[in-house]
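Let's walk through this model together, one piece at a time. Keep the viewer open as you read.

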Amino acid sequence: MTVSFRFIHAADLHLDSPFRGLAKAPEQVRAALSDSTFAALRQLTQAAIHEQVDFIVIAGDLFDEADRSLRAQLMLAREWEKLHEHGIAVYVIHGNHDPLSGKRAALQLPPNVHVFGADQMEYRPAYRKSGELAAFVYGRSYGTRIMTENIAAAYRIEPEAPFHIALLHGNVDGDASHDPYAPCSLSELTGSNGFDYWALGHIHHRRVLHEYPHVVYAGNAQGRNPRETGAKGCYLVEVSAAKAVEMTFLPLDVVRWLEISHSIAEASSEQELLQQLESLMDVHLLESAGRSIMLRVNLVGRGRLHQKLSEPLIVRTLLEQLQERQSFAVGEPWLHLYRMEAATGAELDWEQLEEEDSFAGELYRLSALLEADQTLWHEFAKDAVSGMAGHAKLGRLLHDKWDELPERWLEQARELTLGAIYGGNERDG
Amino acid sequence: MKLIKAEINGYGQLNARQIPLNAPVVIVYGPNEAGKSTMFGFIRSMLFGFARRGLPLERQEPVNGGKHGGRLFFSLAENELFVLERYASDHAGKPKLRGLGGELGTQEGQSDQASQETNSEAEARYADGTLLLQTDWERQFLGGVTERLYRQLFAITLSELQEVGALSGDELGRYLYQAGWDSGKTIAAAEKRLLQEMESLYKPRGSLQTMNQQLKSLEQLEATLRKREDSIGVFNELTAQTTKLEASIARMESELPEKAARHRLMSKACSARPLWLRKQKLFVERESVAYAGKISEAAERSWTELLRQRAERREEWEKHRQKGMLIELQLETISYDEELIRLGTETEALLQASDSMRKLAQDRAELASELREHDEMIARLVSSIAPEWTERQLRELQVTVADRDLVRNERQQALELLRSEERIAAELETLSQQELEASLALEEARSAAEREQARRGRSGGEGFEVLPGTREALKGAWNALDLALREWELERVRAAGSDGEAAETRQPAGGSGAGMLWVAAAGAGGAALALAVGAGEISLAVLVLAGAAILLAAAAMVRSRSGAAPGRERSGQQLGRGQGRGSRSTAASAGSSNAATLESREDRVMKALEVVVREPREAAAALLAAKHHRSPEHLLAAEQARVQLRAAVEATLEALLASERLIDHCSELAQRLDRLRAHAAGRREAAAAAAQTRQAAARQWAGWLAARSLPADMSPTAVLEAFELAEQALQRLQQYDRLSAKHAAAGSTLAAFAKQAAELCGHFEEAAAEFAADPALALRLLHAEIRRHAAAKQDALGIIARREELNMAKHAADLRLQELAAEIAAQLAAAGLAGEAEYALALEHRRTLQFIHLELSKAELEIAAGLSEERLRELELLFEGYDEEQLQAMQSSSLTELEELEREKREALEKMGRLRQSMEHLLQEEEQQRLLAEKEMTLAQLESSAERYAVLSVSAALISRTKRIYEEERQPVVLRNASRFIEKLTEGKYIRVLTVPGESGIKLETADRRLIDSEVLSRGTAEQVYLAMRFALAEEASQGAKLPLMLDDVFVNFDKDRLHAVAKLLEELSCERQIIVMTCHEHVRDALQRHCAEAALVQL
């Protein structure tokens, strides 16, 4: 006996997540950002009520820091209370950010919420609002912050259920940009284990890895830092009586992070560049559909302004000028240009430079060599930043960077040095 | 560059001194303080300028006089000779250069410009002596070597030699670029900028740098965050505390009532103690009057009741007695007459009847008048029936229904008879009228017939007189005439045919034209006439038509004149025959035959005319006029005659018809007259029969009337009327009888009444007196009197009755008094008391007892108010167990306890409030959030700084790596040279000098391939290594302008072998570069002199 039903698959709410990677921001932006995860949560509740879903599954990382935010816990309990009033059940697993070992406020959760335990896979029947059995929901929470075990391997279906939804917080097929928790492979999930829908969490980028059975990362509900760009939200999943699955993305974010590149090739003066950027900002704000925008602009390309833009002070001044023109009316969406990077190039003749028997030529050849050879670059860069990486605190704080050693450094350094040398030459000449 | 001579004007201790230097190797030998180092400094100052005044040791102001400065002679090439002049006081110590040409009398030490012309450009340029900028000087003549480089590479003292050991790889490298690459400065500048920015961003041990500051504030934030209370912990703690507090508050709330009750009890005990004491006293009092309690409430009540009743009775008895006396007095005043009272009823009846009597009298009068009226009415009715009738006949008359029916039948019959008689009479009348009319009509008709006859006879006089008297004869005669005439005509035409041929041919057209018309008209007329004759009827219309046709034909004939005659004849024939073309042809064939035929025809006409006309001759003459005279006039006359004849015939025909009709009419009328007369006779007979019947009926009716003594001439209708009247009269009669009876009865009643009234009135004088005037008034007077007496009697009787009642009541009261006395006695006995007084006292005591009871219960109530049974018992125990003071103490202690508990509760509630508040505060708090945000922002700043720093580091590394590449490419020459030199210096013990990238300092490779850090070398060896490096670098650095190498006693730490080795090396090097060695050691001097063949010794 199967019935059609609809549910929402959300994950990685990261409630009360502080905004990382933002050196400074106007008060209103800060306020909006620190409220945005909650706002997204409220949006989720609204969406669930509006779409009249039968239940919600949340695949982990509800809180950003399990031990910290009382506010998040209270807020979540309040929203769940609302869902309870509308008869919408909630199935939750906890992830690496909010393992069950974390501190809990002494709160009574409403009866519509089921939190899966950490000891083993559990399952719960999920019902339609009208009372028919819709599906079984399976899941297992993280007991501790680190889960290296392949917990998906132990998931088993209960054959009597009409539909099987598995909740899993983990890294499928080893996404290198996320911690390798609860590792498993896609083929494992899509194999003949009988599950119809794997509701995944942990990876903040929304994507559908497989269909029938569906293996889906819902992504996080609200972008929280400059790296989490684009629309964020949840999936509305409609399952027909014939078990056909239809997924609709529901955006929940109230502040959207965007990163755009802008070429300086067309701009002949700073004023012109400013005007171009302003109209660009206006366009983005118009397209935002009522959301606020956190915008990062990367100035790219080669042009006359490069020399000026290579001075950090100039870029900062430009940014400040653009920021000054932003307005923050209460209740209106805003656009905050939080960062502007100049990754522009001088008008250098690279080919000539490559041939040149000069220090600059030598330097260019060296950088090309490093660019070509990853290992070489890593050695080089590690050596270069060893002074800072060796610092106890910095080394620990920024270990990602020291580990990653992004190649953009090389590019920027090349531009910087060559620019300096040539600039110096030009000045001398 | 090769120095030729130094001319010191004043420098340090030296003045006015000329030192020849013109040799590849110059050995300056002198004891200490001879001025070796001063000279050394002089040459440097000449080349690079004086040191600042701040460095007097370097500046070397002249102490023994002379102008600070001097001149330096040098040559660039074999023939290029210059003199450099520099005085501190002149041109701010700028160098002044003058070219001297190829030769110079150096030996004489001449410093003037006595020199020969040179072809060198430079010489030419500087021939006059030119002031140069230091930089230009350095660039042009010193190969870009700066003072610093000069000091390090070319003007080497021991201390400077040692510096080589302290050189880091980087610095060494920089020398290399500075020495070997002309953009070195830019790179250095770029590097410097990078380093500056890096240093402003971060220093490992710095504190002012951006990142260091960010780190610091991050640490502070983290510390603050760490220090902050864990909000969840606090929340949970608060929740737990709240729960605990709630429990304790609940406990207190449950305890509180108990305590309060206890306290209330104690308070009560204190306050109620006087009451309790009073209660005890009352108990004692109660004992004393307890006996009175035996007297029950009922007893007391009955006692008082008895006493009250007794008093009441006594009073009552007295009242009765007084009343009785009063009544006696009243009774004595009343008197009345029994006799009169007895008459009362009768009188009343009469009085009541008197009204009806009066009415009766009135009625009687009315009755009398009514009787009169009836009498008159009856008389009138009876007389209206019949004058001789009286009341007797009336009473005798019996009218039955049968009688009435009979009368009605009679009347009906009489009516019917009368009607039939009238009808017959009317019929007779009509018939005689019709008879008369019929006879008149017959007369008229006969006379009309006669008149007609007469008229016909008269009409024969004019025109043709037509003979035949009947119509048929006339018609037949006419027809025969007509036929004869036509035949005659035809014959005549035939006879005249030959004459008319010419005319006929002459005017055929006209004839034919007219003929056509004529034929048509004649045809039509003929047809009409034939038809009329055939039909045998005379129709005026037909005749007119025929006449018209004939006229037309005649007109046509006139028009066609004589020529048209045959045509006319033909048409005439046609007319006569009605039809027949064949006859025409026959006639035509016979036409012209003979006159005989014509004659016969005339005869026939004559004969026919004889039948028709009275005077046939005339008629024939008229008709046949055309026989002889064929003129038109004749023809016309004949035609007219013919028409006249015909008209006469026709008129006769008509007259005949009319007379026939009249005769018919006469006979018809006669028949009708006969019929009428017969009918009238029948009718007359019927009338006679009806009259007989009527007479019989009248006789019978008269008999009937007589039987009823009714006037004989009365009609049945009158009888019916009389019946009605008689009935009315009878009714009246009956009423009259009744009324007269009533009248008589009333009269007797009235009389009886009057008699009785008179009798009664006799008993009372006044009434009797009055009776005569008005019996009714008298009666009323009497009645009033009687009523008065009766009332008096009634009063007396009432009084007597009351007297009796009083007596009885008095008696009853007496009895009751006795009963009461007995009861009182019994109650006294029951109470066991002697007398009423005692009983009264006992009752008093009883009341006291009751009061005590009341007081007790009041006290008890007061004590027990608001207390349960249990509490009351406790209270009782308290009263019994403790005295006043103890109770007070207990009360105050319970109060304290209660207050304590309440205070605790208040405190708990306050604490609860605080907890709630802090919970609220905790939930509201955003400090944590702010700190976290701050932290993240700081972290972000730090990251961004770090990023920048990393980029800078990489940039620096790029530059440094590039530099190293340069080092590795360039260094081999330097190091190779250095290696060569060291090998020579150490006589093969060390074979290589090298630098390791990333490591500071210089390393040595021994002959057995070991690497040895320069720092661990012995001083001498180290100095040899450094020297070798210096030589190599100097060689590499200034290849353009080979500056002289000046060594200030640097071999002091060399052993003999190495000294010789170095001497040999110097000899070798001096081939390319001038070398000036200063020493204060003889062995050094000697060694050098031994190995350097061209060495010049300068003794100071």
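Start with two helices of chain B: the axes of helix H10 (residues 231-288) and helix H29 (residues 884-924) come within 7 Å and cross at roughly 160 degrees. Here axes are lines fitted to C-alpha atoms, for helices over the stretch in contact, and angles run from 0 to 180 degrees between N-to-C directions. Because angles over 145 degrees count as roughly antiparallel, H10(B) is roughly antiparallel to H29(B). The contact of H10(B) with H29(B) draws on 22 nonpolar, ten polar and ten charged residues; Ala, Val, Leu, Ile, Met, Phe, Trp, Tyr, Cys and Pro count as nonpolar, Asp, Glu, Lys and Arg as charged, and the others, Gly among them, as polar.

A word on what you are looking at: this is a predicted model, in which local features need pLDDT of at least 70 and side-chain atom pairs count only at pLDDT 80 or more, while totals for chains, interfaces and linings use all residues. Residues are numbered from 1 along each chain as its sequence is written, and chains are lettered from A and ligands numbered from 1 in the order in which they are written.

Chain B as a whole has 33 helices and 14 strands, where helices (H or I, at least four residues) and strands (E, at least two) are DSSP runs, numbered from the N terminus. Of its 1100 residues, 28% are buried, that is, they have 20 or more other C-beta atoms within 10 Å of their own, with C-beta atoms placed from the backbone. Buried residues of H24(B) include Pro716(B), Val719(B), Ala722(B) and Cys761(B).

Now turn to where the chains meet. In all, 46 residues of chain A are in contact with 44 residues of chain B, contact meaning that the C-beta atoms, placed from the backbone, of two residues lie within 7 Å. Several helices of chain A each supply at least two residues to this side, among them H1 (27-50), H2 (70-85) and H13 (408-428). The largest share, twelve residues, comes from H13(A).

Finally, look at Val90(A), in strand S3 (residues 89-93) of chain A. Val90(A) is buried, with 23 other C-beta atoms within 10 Å. Beyond its neighbours within four places in sequence, its contacts include Phe55(A), Trp80(A) and Val113(A).

Definitions and conventions: A residue is buried if 20 or more other C-beta atoms lie within 10 Å of its own, exposed if 12 or fewer, and partly exposed in between; C-beta atoms are placed from the backbone. Angles under 35 degrees count as roughly parallel, over 145 as roughly antiparallel, 65 to 115 as roughly perpendicular and the rest as oblique.
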